[in-house]
Amino acid sequence: MKRVKVCLLGFGGIARSHLKAYHKLTERNAPVDLVAICDIDPSQFTKGVSMNLGGSGAESLEAYHLYTDAEEMIRNEQPDVVDICLPSFLHCEYAIKMMKMGCNVLSEKPMALSSAQCAEMISVAKETGKYLMVGQCLRFEPAYNFLKDRLSDGSFGPIHYAHFDRLSALPLWGFEQWFRDSERSGGCILDMHIHDVDMVRYLFGEPKSVSAVTTGYECQWQVVNSRFEYENGTLIVADGSWDEARSSKFYAGYRVRFADAEVFYDDSTVTVRPNDGEEYVADLPKSTRMADEIECLALTVLGVSTDQRISATEAAKTVALVEKLRESAAHNGTPIRI
Ligand SMILES: NC(=O)c1ccc[n+]([C@@H]2O[C@H](COP(=O)([O-])OP(=O)(O)OC[C@H]3O[C@@H](n4cnc5c(N)ncnc54)[C@H](O)[C@@H]3O)[C@@H](O)[C@H]2O)c1
């Protein structure tokens with residue numbers, strides 16, 4: 001099988017997880033080769049990063065060509081795919097530039113800062129005939145796909161209610177402190193809460209209406225409480241925060257009430273509590289979500305996969321739903337019809 005040649009653009013916090021994913025793909029014999037890495041700040045190549053998802057020491061990058069200029073990297077390497085791990089305010093500009101230079105693109109989430117930027121990116125993908133996918137990686141997370149599978153096989157009965165959490169201290173590791181500048185990051189609601197907004201759409205479809213309240217101390221939209229209402233009466237609530245104590249660990253979890261069972265996730269274990277019967281821990285595979293999303297794009301580029309789970313159209317709809325939540329928050333939590 002032909003192999004897919006990848007260049008990684010941006011080598012800050014999340015790029016370290018992508019690097020590990022490429023190592024995993026090599027172990028799996030997946031047809032993907034990371035060949036080069038670019039960061040505007042060369043000191044990133046020799047130091048570690050400490051982020052909310054955990055720390056990593058300096059990486060060994062001998063196997064890769066290193067660049068500080070994205071266009072020079074593309075001209076020299078001629079990759080099939082550029083994996084964009086840049087700050088969110090650069091996603092639109094660089095995804096468009098890379099597609100126009102002939103590359104398929106995997107961009108980190110959020111797809112972009114606004115629906116208008118997402119539309120521009122999708123239009124360039126169509127014009128250039130390039131694949132554009134967005135790293136809404138939770139769509140490859142076993143703990144969340146466990147819910148997806150139960151919703152589709154109906155084994156726990158219909159859904160009544162769900163609550164999702166994603167909590168962290170304000171990120172301080174980023175390039176020029178871009179996370180705390182809500183003009184450049186979109187605040188917690190667009191940067192981190194978007195994972196749960198995307199999951200709500202992935203699991204339950206488009207809601208009939210949404211509402212949200214937010215507050216902020218060190219940036220706008222730093223803390224958010226969102227509600228998603230459905231025609232059949234299902235109510236979904238999600239909390240996102242970048243205002244946890246600096247000593248606290250990142251936390252993501254859910255509790256979901258089906259008619260016949262409750263399901264809990266506490267960032268490590270999925271526990272099922274049936275109405276009748278003993279509580280048990282779900283037997284799930286170890287998460288390899290980053291490797292899975294990269295492999296998904298590679299196999300799509302090779303024409304082997306038609307998995308559209310992380311397509312740009314899907315990711316753009318999630319950005320649009322975040323905009324509706326912000327609209328509600330700007331009107332003191334008034335429900336907005338979708
Ligand atoms: N999927 C997830 O769970 C997840 C988790 C964390 C972050 N993210 C997303 O990943 C993206 C990056 O976040 P991060 O934490 O790695 O940020 P970061 O600031 O740590 O890393 C960004 C890197 O890009 C480099 N850079 C900036 N401008 C550049 C340019 N023009 N050319 C080349 N390099 C440039 C910076 O020097 C920095 O090293 C964000 O969009 C963020 O929302 C996703």
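This section describes the ligand surroundings, the salt bridges and several backbone features of a predicted model.

For Trp-173, an N or O atom of the side chain is 2.8 Å from a ligand oxygen. For His-91, the corresponding distance from a side-chain N or O atom to an oxygen of the ligand is 3.0 Å. Leu-86 takes part through its backbone, with an N or O atom 3.4 Å from an oxygen atom of the ligand. On its own the ligand has 850 Å² of accessible area, of which the protein covers 96%.

Salt bridges number 23 in the structure. In general, side chains of opposite charge can pair when their charged atoms come close. One of the salt bridges joins the side chains of Glu-59 and Lys-20, with an N to O distance of 3.6 Å. Glu-59 is located in the loop between β4 (54–56) and β5 (65–67), whereas Lys-20 belongs to helix α1 (residues 13–27); the pair, 39 residues apart, thus links distant parts of the chain. Lys-20 has a relative accessible area of 46% and is partly exposed.

A further salt bridge is formed by Glu-71 and Lys-97, whose closest N and O atoms are 3.3 Å apart. Because Glu-71 is in helix α2 (residues 70–77) and Lys-97 in helix α3 (residues 91–100), this pair ties together parts that are 26 residues apart in sequence. Glu-71 is partly exposed, at a relative accessible area of 30%, and Lys-97 is likewise partly exposed, at 26%.

Arg-337 and Glu-231 also form a salt bridge, with 3.6 Å between the closest N and O atoms. Arg-337 lies in strand β17 (residues 336–337) and Glu-231 in the loop between β11 (223–229) and β12 (235–241), so parts 106 residues apart in sequence are tied together by this pair. Arg-337 and Glu-231 are both exposed.

The peptide bond from Lys-109 to Pro-110 is cis, and its omega is near -15 degrees. Pro-110 is situated in the loop between β7 (104–108) and α4 (115–128). Asn-29, although not a glycine, has a positive phi of about 65 degrees. This residue is in the loop between α1 and β2 (32–38), and Asn-29 is exposed, with a relative accessible area of 66%. Gln-177 is not a glycine either, and has a positive phi of about 55 degrees. The loop between β9 (159–167) and α6 (182–185) contains Gln-177, which is partly exposed at a relative accessible area of 33%.

Thr-271 is part of strand β15 (residues 270–274). Its relative accessibility is 13%, so Thr-271 counts as buried. Thr-271 and Cys-219 are 52 residues apart along the chain, and 35 Å separates their C-alpha atoms.

How values were computed. Residues are numbered from 1 along each chain as its sequence is written. This is a predicted model: local features need pLDDT of at least 70, side-chain atom pairs count only at pLDDT 80 or more; totals for chains, interfaces and linings use all residues. Side-chain values use heavy atoms; hydrogens and water are left out. A salt bridge is a side-chain nitrogen of Lys or Arg within 4 Å of a carboxyl oxygen of Asp or Glu. Helices (H or I, at least four residues) and strands (E, at least two) are DSSP runs, numbered from the N terminus. Buried means under 20% relative accessible area, exposed over 50%, partly exposed in between (1.4 Å probe, protein chains only). A polar contact is a pair of N or O atoms within 3.5 Å; within protein, one must be able to donate a hydrogen and the other to accept it, and residues adjacent in sequence count only if both atoms are side-chain atoms. Accessible areas come from the Shrake-Rupley method with a 1.4 Å probe; for residues, only the protein chains shown count as cover.
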